[in-house]
Amino acid sequence: MANAIEIAGLTKDFPVAVKGKRLRAVDDLSLSVGEGEVYGLLGPNGSGKSTTIKALLGLLKPTKGSCSVFGSPCSEVSTRLMLGYLPEAPYFPRFMSGLELVIYFGELCGLKKSEAEERGTELLEELGLAGAREQRIGTYSKGMLQRLGMAQALVGDPKVVILDEPTAGVDPIGARDIGQIILRQKEMGKTVLLCSHLLSHVESLCDRVAILNRGKLMTEGRVEDLLSDGDASGLLIEGLSEEKRVRLIAEVESNGGRVSKRSKSLSDLFMEQLK
Amino acid sequence: MTHTPEFETPNLSWSFRRAWLIGQNAFREAIRMKFFAALMVLALAAFASSFVFREFNFGASELKFIADFGFGGLSLFGSILTVILTVQLFLGEIEHRTALTLLAKPVRRSEYTLGKYIGAMIAIACFVASLTLALALALWIRETQLIAESPDLFPEGRVMRYGDILMFGVMHMLRLGVLSALVVLFCTYATSTMFAMLMGFLVWIGGQLQHVATEAWVASGTVVSKLGYAFVSLLLPNFHLFDIGDKIALGEAIALSGYAKAMIYGLLYASFYLTVSFISFSKREL
């Protein structure tokens with residue numbers, strides 16, 4: 001599988017108010033995302049996720065290292081033809097209608113106005129905004145803005161979609177819908193880089209995840225591999241009555257085995273890595 | 001780490017279309033700003049007040065007073081609008097982080113910068129054109145009234161040269177175009193709107209006094225002071241060059257070569273400031 005995103009030794013320092021001092025936001029980060037993967041980039045606030053995304057979008061120049069998308073350096077403007085980006089808490093001109101905004105961004109991606117209108121109409125319908133497409137953005141709710149943000153990210157038909165907190169401020173139904181949109185992108189062969197604090201969401205959507213802390217890569221790999229504790233004999237048993245469950249636990253323990261009450265979740269792993 | 005690139009990225013050439021798209025939206029945003037409408041109303045109110053205050057004008061002709069008052073109002077309100085509007089359109093978008101979404105698209109920083117400048121200039125042009133036409137109309141109405149009241153004071157008919165008044169609007173727009181390009185330059189590295197606005201107003205004042213630096217350059221004795229004055233007078237635009245208001249009010253004829261010289265000067269300075277802005281903004285990290 002060819003790598004859709006390649007980050008090699010990415011380091012980014014920012015100057016701080018104290019003369020000569022610099023803040024290292026990302027520290028020698030290397031990772032690769034395969035084509036068609038949904039990849040989760042996790043980490044607490046200030047862990048370097050946004051800086052990494054900005055470097056991928058060519059909005060920041062790495063202090064060291066490099067980033068590329070399908071082999072094209074991120075410093076090139078043309079690389080962004082392959083990228084769609086949904087920022088965290090997107091803010092759009094309030095005077096425009098949803099459709100106008102998507103057409104505007106579509107045209108900036110090189111589409112003709114008629115193509116952008118057609119694509120925008122389709123996307124807004126798919127994202128459940130068909131009824132509000134002529135409505136001024138100023139009247140949109142947070143969830144609607146997030147969906148509109150998705151529409152503008154997808155309008156140029158990018159090969160790689162970068163989503164920064166797509167479910168921030170969205171209700172559970174909206175979050176589920178956004179999850180479905182992400183899975184649809186995967187089905188269409190798109191690569192998705194997902195940053196989210198909603199770990200259950202990431203766990204259910206991502207093929208692989210990376211956890212960052214203070215700019216460093218703490219761990220990276222397939223979600224199943226990371227969540228298994230390396231004990232291949234671990235079993236998940238369901239559907240037993242209370243009596244049978246107690247008997248089974250006693251049997252396992254009498255044979256030197258151990259039973260944990262619940263399986264490890266991505267949330268557990270996340271907290272472990274940040275200890 | 002190795003990888004096999006599968007896609008050929010097309011060579012993305014510089015596009016005026018993208019700059020124009022950004023410019024159109026910047027203009028739409030500009031004319032929806034409350035500040036834009038408020039300044040327009042204030043300027044029109046100031047013009048209207050010149051009819052009231054004409055009674056206090058000692059000696060000067062009434063039409064000259066209205067014209068002077070109008071030119072002054074256009075200069076004052078036009079410069080305020082130019083500085084604040086350009087800063088709001090450029091830095092406002094960066095502060096709201098809308099610029100991140102926009103620049104994450106295949107848009108060059110220079111296209112974005114030029115687009116914002118185009119948007120600001122269309123709005124400024126609308127403002128100046130509206131006020132110039134309002135001033136010309138006010139003068140025409142008053143002149144018509146005065147001719148009817150005292151025809152003996154106007155033996156040769158109308159005295160106001162309305163073509164020159166419209167040319168004042170064109171020259172003023174050019175002057176504000178240079179100012180706007182300078183403000184864009186400040187915006188490309190400023191992190192606060194206050195700083196960019198302050199710098200904008202300072203260069204507006206500096207540009208009005210640029211001829212002082214030029215005179216000092218010529219008169220200066222030492223090499224160091226000569227170089228210093230030369231640097232300041234070349235870096236700052238001479239806004240005085242575009243001011244034809246006095247000549248119009250005094251009824252002096254303005255040579256076509258004078259207009260041409262000021263236009264070339266304005267276009268050169270605006271192009272220079274914009275080119276430096278492109279370079280400055282391309283290095284800015286967002």
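1. A quick term before anything else: two residues are in contact when they have heavy atoms within 4.5 Å of each other. By that rule, and not counting residues up to four places away in sequence, Ile165(B) touches Phe71(B), Thr132(B), Leu135(B), Ala136(B), Leu139(B), Met160(B) and Ile248(B).

2. Ground rules for reading the rest. This is a predicted model, where local features need pLDDT of at least 70, side-chain atom pairs count only at pLDDT 80 or more, and totals for chains, interfaces and linings use all residues. Residues are numbered from 1 along each chain as its sequence is written, chains are lettered from A and ligands numbered from 1 in the order in which they are written, and side-chain values use heavy atoms, with hydrogens and water left out.

3. Back to Ile165(B) and its surroundings. Ile165(B) is among the residues with the most contacts inside the largest nonpolar core, which has 163 residues. A nonpolar core here is a set of buried Ala, Val, Leu, Ile, Met, Phe, Trp, Tyr and Cys residues joined through side-chain atoms within 4.5 Å. Buried means under 20% relative accessible area, exposed over 50%, and partly exposed in between (1.4 Å probe, protein chains only).

4. Chain B overall. It has 11 helices and zero strands (helices are DSSP runs of H or I, at least four residues; strands are runs of E, at least two; both numbered from the N terminus). The C-alpha trace of chain B spans about 90 × 50 × 35 Å along its principal axes. Of the 286 residues in chain B, 50% are buried. Take the contacts in chain B between residues at least 6 apart in sequence: 81% of them join residues at least 24 apart.

5. The A/B interface. Here 48 residues of chain A are in contact with 34 residues of chain B. The two chains bury about 3600 Å² between them, 62% of it on carbon and sulfur atoms; buried area is the accessible area (1.4 Å probe) that two parts lose on being put together, summed over both. On the chain A side, Leu59(A), Phe95(A) and Leu108(A) lose the most area to chain B, together 20% of what that side buries.

6. Polar side of that interface. Between chain A and chain B there are 12 residue pairs in polar contact, both residues at pLDDT 80 or more. (A polar contact is a pair of N or O atoms within 3.5 Å; within protein, one must be able to donate a hydrogen and the other to accept it, and residues adjacent in sequence count only if both atoms are side-chain atoms.) The elements giving two or more residues to the side of chain A that touches chain B are β1 (3-15), β2 (22-34), α2 (98-108) and α4 (142-154) of chain A. By class, that side has 25 nonpolar, 11 polar and 12 charged residues. For the classes, Ala, Val, Leu, Ile, Met, Phe, Trp, Tyr, Cys and Pro count as nonpolar, Asp, Glu, Lys and Arg as charged, and the others, Gly among them, as polar.

7. Salt bridges between the chains. The rule (a side-chain nitrogen of Lys or Arg within 4 Å of a carboxyl oxygen of Asp or Glu) finds three across this interface. One of them pairs Glu100(A) with Arg28(B), the closest N and O atoms being 3.2 Å apart. Arg17(B) also forms a salt bridge with Glu107(A), at 3.1 Å between the closest N and O atoms. Arg17(B) lies in helix α1 (residues 16-31) of chain B and Glu107(A) in helix α2 of chain A, so the pair joins two chains. Glu107(A) is buried at 11% relative accessible area, while Arg17(B) is partly exposed at 36%.

8. Salt bridges elsewhere. Over all chains the count comes to 20. Asp13(A) and Arg24(A) form one, with the closest N and O atoms 2.7 Å apart. That pair links distant parts of the chain, Asp13(A) in strand β1 and Arg24(A) in strand β2 of chain A, 11 residues apart. Asp13(A) is buried, at 9% relative accessible area, and Arg24(A) is partly exposed, at 37%. Glu243(A) and Arg247(A) meet in another (3.6 Å, N to O); both lie in helix α8 (residues 242-254) of chain A, four residues apart, about one turn of the helix. Salt bridges that share partners join Asp13(A), Arg24(A), Asp27(A) and Lys216(A) into one network.

9. Backbone spots to look at. Phi of Asp157(A) is near 50°, a positive value in a residue other than glycine; Asp157(A) lies in the loop between α4 and β7 (160-164) of chain A.
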